[in-house]
Amino acid sequence: MPDMAQTETVARKPKLDLKMYGPAIALVLLCIIGFSLNTAFLSEGNITNLLTRSAFIGIIAVGATFVITAGGIDLSVGSMAAAIAGIMIILMNALVDILGTGVLTVVVGAGCAVLLGALAGLANGLLTTKGKIEAFIVTLGTMGIFRSLVTYFADGGTLSLNFDIRGTYRPVYYDSLIGVPIPVWVFIIVAISGWFLMNRTTFGRYCTAIGSNEHVAQYSAINVNKIKTWTYVIQGLCVALATVIYVPRLGSASSSTGVLWELEAIAAVIIGGTVLKGGYGRIGGTILGALILTTIGNILNFTDLISNYLNGTMQGLIIIIAVWLQRADWGKSKD
Amino acid sequence: MQFGKTIAAGLIGALAFAGAATAQDTIKIGVSYPTPTHAWAAGMNWHAEQAEARLEALYPDVDLILINSPDPAAQASALEDLVSIHGIDALVVLPFESEPLTDPVLNVKDSGALITVVDRGLSQPGIEDIYVAGNNPELGRISAQYMMTRLESGDNIVILRGIPTIIDNERFDAFMAEIEGSGINVLDHKHANWNRDDGFEVMQDFLSRFPDIDAVWAQDDDIAIGVVAALEQADRAGDGMFVVGGAGMKETIRGIMDGNELVPVDVLYPPSMIATAMDVTVAAFKSNGPVAGRYILGATLITQENAESFYFPDSPF
């Protein structure tokens, strides 16, 4: 088996190319711009804020890397996060009478969130594979369903976590372990697990194979439906984890929670070098992509040089430039 | 709770249809507004339902028909139905958008119905008989006046704005005009889109960027919740720091009643304005005084003294 693994890995290119280091270079450039605008950009407080903020989109984007690498797409992640957050809050509020306001309530709530995430992902996966509906349509549908569910649960308003549990749960977002905030630890663990799964297991190689050519993968005796379904389950689990660290931040969920997170996650994945049509995935790049996206927003808040109305323009330009740096045929001779 | 409300809404709908078949001398008033998808609109929906129950109990011959629509096109169709199916005598409408609904409302007017427009004006003047709205420039002015009572020349504030719209501009411009010459420095202003998460992140960045901030104008209660979380995280919630929001969210009002020092006041932009509009419209049929005209509600400063009269614990907002 290890021999087979060797033959499937892509032959290493002899020289360093922008495809590998584009995202890292873009992030370093952004940091230099941020620092030159205001030295407080590299202050410990701001770096901590940046990393913690990146954790939500970053964790979701790790899941999205698997889905996209295997040739799928998941548009429902932002709505899914909102729905899971809403149900989690309702559940924990209801559990106060039975389990009290201690750690147990939070653990049950978080456990339930993870279960819901896996089930939601499973639903997306099965509808795509067994139901034979395009992933774009399935997840467009579930996007609407999850979003309206949270609106319904909240009666159009905002669901708020019981104030006493908030005290118990708050440290999950705001506390640090060895100087690193807990959400960042979760992000690091998810990133390492994702990297390992993508680059060092047969599952990761199957994802790449299916994304490159689904029919060939099928004839190579890969259980395509099973692998593809699993990518959506992983995506659901990632969304659930992100939600578990999101809820203690403000202790609330509403219909405006997680709006457009799906597009941010997909943008992070693509900025990181993964190919949108599948067949090539880079977890490390995805992490950098998430950091780049958060850094853009952060820098725009650090300056009043650019009109507020043009924030979207700056974000769009930087995303396009970051991807263009990787895709254009830099210095390669034409074939 | 939600199930109960759905059943109640269903019953109200059924009653409205039953009402259509009864005596001709019933005064039928259609009430049309966007489907609640955010907290403020959910509050408006709640207040509309409360006003319906109250007015119908008060006047047995008044029938209020509540319809909410998810988009401008659906609202235009709903207005047609109110005329053709229910034969309404009056319409209370909070238009989704001014442009696409001006013609549909004009058609309702041509059917002979009295028109009351709420909050968002139509793009053609003179269609509505009654206009009821909050006061966005006043919200900015009142917020600025409160800031000036608490701050001195040379003090620093930051501003978190809403979604870039005419509403946001009116509030912001009026605020800036009012504090001009007071010596209060506005360090910067960024859009936080009337959203808690954006309020949190923008405020975090303001705190990293500016070591000396004395107060925050958050313009909206949702943004203010994010701002407060960021201030507490950075340990900068003390030392006389205060945050001014706006709208009248029940949690914020509760805090003001309890003497919260960080968010000591709120500026009203009430979702209950729909109830005011329904009251005035019914009065057009019941009062012996003239009613037609423009009703611009005050952007009242809510303090600990008057907070109780703006507190609706059962409303979703």
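**View 1. The loop that holds Gly240(B), between helix 8 (221-233) and strand 9 (242-244) of chain B.** Helices (H or I, at least four residues) and strands (E, at least two) are DSSP runs, numbered from the N terminus. Gly240(B) counts as exposed because 11 C-beta neighbours lie inside 10 Å; a residue is exposed if 12 or fewer other C-beta atoms, placed from the backbone, lie within 10 Å of its own, buried if 20 or more do, and partly exposed in between. From C-alpha to C-alpha, Gly240(B) is 9.4 Å from Arg150(B), although 90 residues separate the two in sequence. This is a predicted model, in which local features need pLDDT of at least 70, side-chain atom pairs count only at pLDDT 80 or more, and totals for chains, interfaces and linings use all residues. Residues are numbered from 1 along each chain as its sequence is written, while chains are lettered from A and ligands numbered from 1 in the order in which they are written.

**View 2. Helix 3 (residues 72-84) and helix 4 (residues 98-110) of chain B, with axes that come within 10 Å.** The axes, lines fitted to C-alpha atoms over the stretch in contact, with angles from 0 to 180 degrees between N-to-C directions, cross at roughly 0°. Helix 3 of chain B is therefore roughly parallel to helix 4 of chain B (angles under 35 degrees count as roughly parallel, over 145 as roughly antiparallel, 65 to 115 as roughly perpendicular and the rest as oblique). Residues of helix 3 of chain B, including Leu79(B) and Val83(B), meet residues of helix 4 of chain B, including Pro104(B) and Val108(B); contact requires C-beta atoms, placed from the backbone, within 7 Å. The residues of this contact divide into 9 nonpolar, 1 polar and no charged (Ala, Val, Leu, Ile, Met, Phe, Trp, Tyr, Cys and Pro count as nonpolar, Asp, Glu, Lys and Arg as charged, and the others, Gly among them, as polar).

**View 3. Tyr131(B) in strand 5 of chain B and its opposite residue Val117(B).** Strand 4 (residues 114-118) and strand 5 (residues 130-133) of chain B pair in the parallel sense over 3 bridges; pairing requires at least two bridges found by DSSP. Strand 5 of chain B also pairs in the parallel sense with strand 11 (residues 293-296) of chain B, over 4 bridges. In strand 11 of chain B, Arg294(B) is the bridge partner of Tyr131(B).

**View 4. The side of chain B that touches chain A, where 29 residues of chain B are in contact with 27 residues of chain A.** Helix 7 of chain B gives the largest share of this side, 9 residues. The residues of this side of chain B divide into 11 nonpolar, 10 polar and 8 charged.

Conventions. Two residues are in contact if their C-beta atoms, placed from the backbone, lie within 7 Å.
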